[in-house]
Amino acid sequence: MKRFNIIDFFIVAALVVVAIVGITILNRGPIDFSPDTVKLRLLTEIAANDLFVLDKIKPGPVFLSVDNVYTGTITDVDLEVTQIRTFDKHLEAYKMVDSISGKYNAYITIEVDAVETDRNFSIGDINLKVGSPLFIKAKEYNSKAHILEMEVIE
């Protein structure tokens with residue numbers, strides 16, 4: 001039976017160092033086995049939708065993915081009439097007018113537990129950034145919203 005000697009030790013150590021460097025390069029950052037979790041408040045918008053669809057969105061638990069894996073809690077819902085910007089040739093300026101289509105914008109506040117990295121916040125494989133889409137789903141509705149604001153609350 002062959003004994004473990006100093007040369008074998010250096011070979012194993014070299015393989016471990018190469019594996020760590022490879023993983024670090026592929027991850028494009030340091031390895032973090034215990035990521036920091038924070039509570040985020042997201043202000044999202046569902047733009048120009050019918051009132052009968054938006055009326056079903058109420059405070060409470062909500063899924064944030066198509067496959068019902070990631071969850072959050074809706075804390076507030078505000079509905080506003082969709083406004084459009086039109087050019088008034090008499091004033092020779094743009095002005096905001098109520099949309100004639102009867103559409104509404106929903107501003108939904110959602111609280112989620114997210115993982116904080118040096119680049120962004122994420123919920124599983126969903127990156128949370130201002131302007132990015134976010135799927136919102138419950139038993140009565142599902143829709144795609146866009147993130148308008150993000151705030152760390154814990």
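Five salt bridges are counted in this predicted model, a salt bridge being a side-chain nitrogen of Lys or Arg within 4 Å of a carboxyl oxygen of Asp or Glu. Because the model is predicted, local features need pLDDT of at least 70 and side-chain atom pairs count only at pLDDT 80 or more, while totals for chains, interfaces and linings use all residues. Residues are numbered from 1 along each chain as its sequence is written, and side-chain values use heavy atoms, with hydrogens and water left out.

One of these salt bridges brings together the side chains of aspartate 113 and lysine 39, at 3.3 Å from N to O. Aspartate 113 belongs to strand β6 and lysine 39 to strand β1, so this pair ties together parts that are 74 residues apart in sequence. Strands here are DSSP runs of E with at least two residues, helices are runs of H or I with at least four, and both are numbered from the N terminus. Lysine 39 is partly exposed, at 21% relative accessibility; on this scale, buried means under 20% relative accessible area, exposed means over 50%, and partly exposed lies in between (1.4 Å probe, protein chains only).

A further salt bridge joins the side chains of glutamate 111 and arginine 41, with an N to O distance of 3.5 Å. This pair, too, links distant parts of the chain, with glutamate 111 in strand β6 and arginine 41 in strand β1, 70 residues apart. Arginine 41 has 29% relative accessibility and counts as partly exposed. Elsewhere, the side chains of aspartate 88 and lysine 95 meet in a salt bridge at 3.4 Å, N to O. Here aspartate 88 is buried at 13% relative accessibility, whereas lysine 95 is partly exposed at 36%. Salt bridges that share partners also gather Arg41, Glu111 and Glu151 into one network. As a general point, side chains of opposite charge can pair when their charged atoms come close.

Residues up to four places away in sequence aside, alanine 48 touches Thr82, Lys103, Tyr104 and Asn105, contact meaning heavy atoms within 4.5 Å. From alanine 48 to alanine 138 there are 90 residues in sequence and 20 Å in space, C-alpha to C-alpha.

The largest nonpolar core has 25 residues, among which Ile108 and Leu128 touch the most other members. Such a core is a set of buried Ala, Val, Leu, Ile, Met, Phe, Trp, Tyr and Cys residues joined through side-chain atoms within 4.5 Å. Elements giving two or more residues to this core include β1 (36–49), β3 (71–81) and β10 (142–152), and β6 gives the most, with five residues. Not counting residues up to four places away in sequence, isoleucine 108 is in contact with Leu42, Leu43, Thr44, Ile46, Ile57, Ile74, Asp76, Val77 and Ile136. Threonine 109, found in strand β6, is buried with a relative accessible area of 12%. Beyond its neighbours within four places in sequence, threonine 109 touches residues including Arg41, Leu43, Thr73 and Thr75.

Strand β9 has two contrasting faces. Leu134 and Ile136 make up the covered face of β9, and Pro133, Phe135 and Lys137 the uncovered one. In a regular strand the side chains alternate between the two faces of the sheet. Strands β9 and β10 run antiparallel and are joined by five bridges, and a hairpin connects them through four residues. The bridge partner of proline 133 in β10 is histidine 146.

At the surface, Phe4, Ile6, Ile7, Phe9, Phe10, Ile11, Val12, Leu15, Val16 and Ile20 form a nonpolar patch with about 1000 Å² of accessible area together. Nonpolar patches are made of Val, Leu, Ile, Met, Phe, Trp or Tyr residues with over 30% relative accessible area and no salt bridge, their side chains joined within 5 Å; accessible areas come from the Shrake-Rupley method with a 1.4 Å probe, and for residues only the protein chains shown count as cover. Phenylalanine 9 of this patch lies in helix α1 (residues 6–27) and is partly exposed, with a relative accessible area of 45%.

Notes
Patch = residues over 30% accessible without salt bridge, like charges linked within 9 Å, V, L, I, M, F, W, Y side chains within 5 Å. Pairing = 2+ DSSP bridges.
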